[in-house]
Amino acid sequence: MCIVKDLLPSWRQTMECYYKNVLSVGKKLLGLIALALDLDEDFFHQIGALNDPAAVLRLIRYPGEVTSSNVETYGASAHSDYGTITLLLTDEVPGLQVCRDKSKQPRIWEDVPRLRGAFIVNIGDLMERWTNGLFRSTLHRVMPVGKERYSVAFFLDPNPDCNVECLKTCCSETSPARLKENFAGDYIKERFRITYAT
Ligand SMILES: O=C(O)CCC(=O)C(=O)O
Ligand SMILES: [Fe+2]
């Protein structure tokens, strides 16, 4: 017996349809980002990043009540996402906060308002690496607000075998590449290892 199929007969179809459409939006957005970086619109296709990308859809529920047993794990502590961009949909419950300047201390956190019909787009760490820090990855967190909250995050991570090196348009003699190149899959695996080891 498949419980999901029996209880939610259109679940799979809905999820697959959403995935397909959000992936297409994400690819279009990467095309615009490429143009903004003085590259061909299909640059991220050309380098293989979007050839079978490691794109993941995560459905998230935050409980309304924080008890002593889940206080440690509630929400999401300050982090940036690992990949290229994340397209995020949230309900109307607040909690998501962003820090505009992650290099400054103390950190200043601002609430991210929900805009009906719009995605919240986070820049990921690989995009920061590609652009030599020109596009900084978005430092964000989710704080408990005493209300149940739902969100749907789509992480558009590149093909694991894609080499991530500073883009030609983002470095020069006076502004050399700051980080060494790496494979997207190795970088993301290492980030997961560090996150779940602590
Ligand atoms: O739930 C949210 O609004 C954000 C979730 C998030 O940042 C993440 O899963 O990486
Ligand atoms: Fe995140």
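Colleague: What makes the meeting between the side chains of asparagine 122 and aspartate 81 a polar contact?

Modeller: Their atoms are 3.2 Å apart. A polar contact is a pair of N or O atoms within 3.5 Å; inside protein, one must be able to donate a hydrogen and the other to accept it, and residues adjacent in sequence count only if both atoms are side-chain atoms. The value of 3.2 Å falls within that limit, so the name applies. Please remember that this is a predicted model, where local features need pLDDT of at least 70 and side-chain atom pairs need 80 or more, while totals for chains, interfaces and linings use all residues. Residues are numbered from 1 along each chain as its sequence is written, chains are lettered from A and ligands numbered from 1 in written order, and side-chain values use heavy atoms, without hydrogens and water.

Colleague: Where is asparagine 122, and is it buried or exposed?

Modeller: You will find it in strand β6, residues 120–123.

Colleague: Which residues does asparagine 122 contact, beyond its neighbours within four places in sequence?

Modeller: They are Asp81, Thr84, Ile85, Thr86, Thr138 and His140. Contact here means heavy atoms within 4.5 Å.

Colleague: How do you know which residues coordinate the iron ion (ligand 2)?

Modeller: His79 (NE2), Asp81 (OD) and His140 (NE2) sit at 2.1 to 2.2 Å from the iron. Donors are N, O and S atoms within 2.8 Å of the metal (3.2 Å for Na, K and Ca), and sites may look incomplete because water is not among the atoms. These distances are within 2.8 Å, so the atoms count as donors. Along the chain, the donors follow the spacing H-x1-D-x58-H. Aspartate 81 is in the loop between β2 (76–79) and β3, and histidine 140 in strand β7, so this pair ties together parts 59 residues apart in sequence. Aspartate 81 is buried at 5% relative accessibility, and histidine 140 is buried at 5% as well.

Colleague: What makes arginine 114 and glutamate 92 a salt bridge?

Modeller: Their N to O distance is 4.0 Å, which is within the limit, so the pair counts. It links distant parts of the chain: arginine 114 is in the loop between β5 (110–111) and β6, and glutamate 92 in the loop between β3 and β4 (96–99), 22 residues apart. Arginine 114, at 34%, is partly exposed, while glutamate 92, at 58%, is exposed.

Colleague: How many salt bridges does the structure hold?

Modeller: Eight. One of them joins glutamate 16 and arginine 12, with the closest N and O atoms 2.9 Å apart. Both residues lie in helix α2, four residues apart, about one turn of the helix.

Colleague: What makes a group of residues a nonpolar core, and how many residues has the largest one?

Modeller: The term means buried Ala, Val, Leu, Ile, Met, Phe, Trp, Tyr and Cys residues joined through side-chain atoms within 4.5 Å. The largest such core has 29 residues, and Leu30, Phe44, Trp130 and Leu156 have the most contacts inside it. Its largest share, five residues, comes from α2. A second, separate core has nine residues, including Ile60 and Phe155.

Methods:
Buried means under 20% relative accessible area, exposed over 50%, partly exposed in between (1.4 Å probe, protein chains only). Helices (H or I, at least four residues) and strands (E, at least two) are DSSP runs, numbered from the N terminus. A salt bridge is a side-chain nitrogen of Lys or Arg within 4 Å of a carboxyl oxygen of Asp or Glu.
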